[in-house]
Amino acid sequence: MDRRIRILIGKPGLDGHDRGAKYIARALRDAGMEVIYTGIRQTPEAIANAAIQEDVDFIGLSLLSGAHNYLFPEVARLLQEKGAADIILFGGGVIPEEDIPALKKAGFKAIFTPGTAASEVIDFIQNEFQSG
Amino acid sequence: MAQISPDVDLLPSEIDSFIIDVRESRPRGLARVLSMVENGHPSSSMILHSLYNPDRQVKTIGVTGPPGAGKSTLVNLLIDYWRKLNRKVGVIAVDPSSPFSGGALLGDRVRMQTHASDPGVFIRSMGSRGHLGGLSGATRDALEVLTSASYDPVLVETVGVGQAEVEVASIADITLLVLVPGLGDEVQTMKAGIMEIADVIVLNKADRPGIEQLETAVNASLEFVDDRTVRPRVIRCSAQTGEGIDNLTSAVDSLLSSEVVGQDNAKRRTTLILNGIIREKGSDLAKKIISEKYGSINGAIDSVLSGETTPYMIGEMFTGFLEGIQEKDNGSKQD
Ligand code: B12
Ligand SMILES: Nc1nc2c(ncn2[C@@H]2O[C@H](COP(=O)(O)OP(=O)(O)OP(=O)(O)O)[C@@H](O)[C@H]2O)c(=O)[nH]1
Ligand SMILES: [Mg+2]
């Protein structure tokens, strides 16, 4: 069977900073994963629906605007509501240290801040995939 | 929803419940079935078998053309058109897999965002996973699944194609070839292959300079296509400004409702699927027979290198094998 890790990289809200998201998306592709990139300005609803249709194993959200405290948990809530809480959530971007515990509590397995090396993200995903 | 274990057959009750998910187009189960089909899960044939209906009436549209021609943007506009008519629309969007890492960046959804929250639209991205021809090996079967979920029509966007990649025309009822200004010279050399598969040639980016030259080049090359009964329609439009999109949708609609499309549909689909299965299983079987004699394919290669045999002699083995089967058949008839 030809099983590959599938990941959606999405940017909820109005934030237009997409360099980090694209950089991570390409790095994951180069690590052999299938990455669905949905572009900027997505509603949490659109991200949750796309993740379900694409049957992804992971969703990685990217935000640099500061709206993560609302938008990240909202995606988690919608996944729960749609019976897709088994999809593993993680995120990255400009996110202050003090916000991270609450995001983890909302269901985010990891948050990667500026300066993160792609290899850290790849290791995280591969570990989660093997243990899941 | 529970994880599906990759190499273990599903229970009959699980298979039944997935079939219901597909028929009722429940997104989660439908998406899981598409993954099983794509990954070659051991239960996927059983599910495809249960869903198969040769007389299915769903219309399928292939959209092909060079990278960046605007295929996804046009698919998005076609979705708009059918959603206004209250049709449930399915999309399979294929992007290339990296031959080095096996990974893929599937970005067609970026241009289809307007429908991301619409439950009447189901979009699935697929990596080509080493398959040549502009599709992935599982695209044909994924199309069967989506049409069983009562999405109608279903659009298939290929990877940005070169010349030889015309496979989409064999799985779709009608095929749109999207070209853009700047391809004039290429069109000259295209006439032998890809132009012939198209039912509609879409001259997109008509808002850009060079559209006149493109149209001239396309028409000129179509003059040489004399051995076909129906010439493709040529339609100028801009997915960006919306100019000409009405002409495109009405051309697509009239083709889809014409007598020609749908004729032989059941036979064409069944032939296609069976041929695919013959290729796949035939090669599995051949590998198995060779491995049985030489331990493995590499074992066979070693035997050739050590001078014991040649690839042709290994091929001859199959003649003997097939004769063996025939003798058995005849034998059983005489009994
Ligand atoms: C470049 C930049 C821009 C460019 C963006 C170009 C583009 N297309 O992306 C431009 C000039 C357009 C821009 C505009 C604005 N910007 Co600006 N911008 C930056 C800047 C300098 C760098 C961002 C960047 O590209 N970094 C490089 C990438 C590779 O890093 P990254 O995105 O951080 O990603 C890394 C990690 O965060 C993580 N990561 C990120 N996403 C994800 C996702 C996943 C799944 C994972 C695993 C990891 C991950 O991994 C990456 C690799 O390490 C930052 C400051 C900074 N140092 O961060 C400000 C910054 C983000 N911008 C800021 C602001 C305010 C704006 C504007 C509102 C300014 C204005 N008033 O007009 C506009 C808004 C634009 C919009 N539409 O949203 C603020 C945000 C403030 C906040 N959060 O409270 C920042 C932090 C600057 C600041 N200190 O004030 N900006
Ligand atoms: N000027 C102009 N730009 C267009 C038009 N149609 C699409 N584009 C732009 O062309 C670029 C590529 O469009 P896509 O729809 O992604 O093209 P594609 O053929 O799907 O690309 P691949 O899937 O990568 O092969 C995008 O930036 C579009 O906005 C058009 O009619 N005019
Ligand atoms: Mg595309």
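**Interface and folds of chains A and B**

In this predicted model, chain B and chain A bury about 2,800 Å² between them. Of that area, 44% lies on carbon and sulfur atoms. On the side of chain B, the greatest losses of area to chain A fall on B:Arg28, B:Leu105 and B:Arg129, which together make up 22% of what that side buries. Contacts link 34 residues of chain B with 33 residues of chain A. The interface also holds 8 salt bridges. A salt bridge joins the side chains of B:Arg28 and A:Asp86, with an N to O distance of 2.9 Å.

In chain A, helix α3 covers residues 68–81. The buried residues of α3(A) are A:His68, A:Leu71, A:Phe72, A:Glu74, A:Val75, A:Ala76, A:Leu78 and A:Leu79. They pack against helices α2 (44–53) and α4 (100–105) of chain A, and against strands β3 (58–63), β4 (88–93) and β5 (108–112) of that chain. Just after α3(A), A:Gly83 adopts a positive phi of about 70 degrees.

Chain B contains an open sheet of 7 strands. The strand order is β4-β2-β5-β1-β6-β7-β8, and the pairing is parallel. Strands β4 (121–127) and β8 (233–236) of chain B form the edges, each pairing on one side only. From one strand to the next, the twist averages 20 degrees. Within this sheet, β2 (residues 89–95) and β5 (residues 154–157) of chain B pair over 4 bridges in the parallel sense. Here B:Gly90 stands opposite B:Val154 of β5(B).

Key: Residues are numbered from 1 along each chain as its sequence is written. Chains are lettered from A and ligands numbered from 1 in the order in which they are written. This is a predicted model: local features need pLDDT of at least 70, side-chain atom pairs count only at pLDDT 80 or more; totals for chains, interfaces and linings use all residues. Side-chain values use heavy atoms; hydrogens and water are left out. Helices (H or I, at least four residues) and strands (E, at least two) are DSSP runs, numbered from the N terminus. The expected span of a helix is 1.5 Å times one less than its number of residues. Buried means under 20% relative accessible area, exposed over 50%, partly exposed in between (1.4 Å probe, protein chains only). Contact means heavy atoms within 4.5 Å. Two strands pair if DSSP finds at least two bridges between them. Axes are lines fitted to C-alpha atoms, for helices over the stretch in contact, and angles run from 0 to 180 degrees between N-to-C directions. Buried area is the accessible area (1.4 Å probe) that two parts lose on being put together, summed over both. A salt bridge is a side-chain nitrogen of Lys or Arg within 4 Å of a carboxyl oxygen of Asp or Glu.
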